[in-house]
Amino acid sequence: GIPHRSLVALAVSWPAEVREALAPLMTGELRPHEVRAWAEVTGEDAVGVIRRALHAGDDALRAAAADASLHVPSETLRTLRAALMDEASMVRRAAARVVGQLDAGDAEGLLQRALSDGEASVLALACASAGAAGSLASVPRLVELTRHADAAVVVAAVESLALLGQLADEVLLRAATHPSAEVVKLAYALGADRPVLLGHAPAALSHPRWDVRVAAARALSVSGTREVLPELLDAAAREPDVVARGLLSDAADALARRV
């Protein structure tokens, strides 16, 4: 079949024709991409199809119902509530992702459920959605999730706290000393202007990952003092990666000009 995005693109120019082509398919065995396209093309007329897909035995169809419900406002909250309680993580992931496209008022109750999921992949998407929806009510839970065992959840929680303007120094410092290089890199990227990281950034110049070394160097170039310039120059001189060496040198130059 024609992919969902292609069907939607065609419907911009030929809405009646695409609707006519899809309509017979909605009475037979449903397919995920057709459910998504039908909802996007017909809006509220897709209520029946969304409900059928939501109760299908196929995980991918139930996930499609969650995705497509955004285009059927009368069904959105009901569908997402059901999807967030689905036994299949694929379906809960789809719902958690869609919640981020709702306004904060509609998202709050759904986020409470999504942010308590037992599956890390669902939690990570729920964290991202909390930030996207502007959910300040989710901040306490996001802070809790910055201690989660899965680094992807921590990354998503920290990013959303930053997006919401709620990334506290304590959380930032914990991220900068996290075992995961991705979390550490994010901490220096988001907290480059935070003095709280200055005590740890010089040590991060010796991190095993080159991108973490560069992130720490850039943070020092933004908020470091003259005292750390020799360490930054030394790090650039001993950097084994050619690209990273140039970036470390740039950071050292920026710090030298600033101080």
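Predicted model: local features only at pLDDT ≥ 70, side-chain atom pairs only at ≥ 80, totals over all residues.

Author: Helix axes are lines fitted to C-alpha atoms over the stretch in contact, and angles run from 0 to 180 degrees between N-to-C directions. Helices themselves are DSSP runs (H or I, at least four residues), numbered from the N terminus. Residues are numbered from 1 along each chain as its sequence is written, and side-chain values use heavy atoms, with hydrogens and water left out.

Reader: At what angle do the axes of helix H11 and helix H13 cross?
Author: Roughly 10 degrees, and the axes of H11 (residues 151-163) and H13 (residues 181-190) come within 9 Å. Angles under 35 degrees count as roughly parallel, over 145 as roughly antiparallel, 65 to 115 as roughly perpendicular and the rest as oblique. H11 and H13 are therefore roughly parallel to each other. Contact means heavy atoms within 4.5 Å, and here H11 brings Ala151, Val154, Val155, Val158, Glu159 and Ala162, while H13 brings Glu182, Val183, Leu186 and Leu190.

Reader: How many residues of that contact between H11 and H13 are nonpolar, polar or charged?
Author: Sort them like this: Ala, Val, Leu, Ile, Met, Phe, Trp, Tyr, Cys and Pro are nonpolar, Asp, Glu, Lys and Arg are charged, and the others, Gly among them, are polar. For H11 with H13 you get eight nonpolar, no polar and two charged.

Reader: What about H4 and helix H6?
Author: They pack at an angle of about 0 degrees, with the axes of H4 and H6 (residues 73-83) 11 Å apart. That makes H4 roughly parallel to H6. The contact takes in Val47, Ile50, Arg51 and Leu54 from H4, and Ser74, Glu75, Arg78, Thr79 and Ala82 from H6. By type, the contact of H4 with H6 has four nonpolar, two polar and three charged residues.

Reader: How many salt bridges are there?
Author: A salt bridge is a side-chain nitrogen of Lys or Arg within 4 Å of a carboxyl oxygen of Asp or Glu. The structure holds 17. Take Asp67 and Arg36, with their closest N and O atoms 3.1 Å apart. Asp67 sits in helix H5 (residues 59-68) and Arg36 in helix H3 (residues 32-42), so this pair ties together parts that are 31 residues apart in sequence.

Reader: Is Arg36 buried or exposed, or in between?
Author: Buried means under 20% relative accessible area, exposed over 50%, and partly exposed in between (1.4 Å probe, protein chains only). Arg36 has 22%, which makes this residue partly exposed. Another salt bridge joins Asp117 and Arg92, at 2.6 Å between the closest N and O atoms, and both residues are buried.

Reader: Which residues touch the most other members of the largest nonpolar core?
Author: A nonpolar core is a set of buried Ala, Val, Leu, Ile, Met, Phe, Trp, Tyr and Cys residues joined through side-chain atoms within 4.5 Å. In soluble globular proteins, nonpolar side chains tend to be buried together. Here the largest core has 68 residues, and Leu80, Cys127, Leu142, Tyr188, Leu205 and Leu232 touch the most other members. Another core, of 16 residues, lies apart from it and includes Trp38, Val49, Ala56 and Ala68.

Reader: Where does Ala56 lie?
Author: In the loop between helix H4 (47-54) and H5. Ala56 counts as buried, at 18% relative accessibility.

Note on methods: Helix = DSSP H or I, 4+ residues; strand = E, 2+ residues; numbered from the N terminus.
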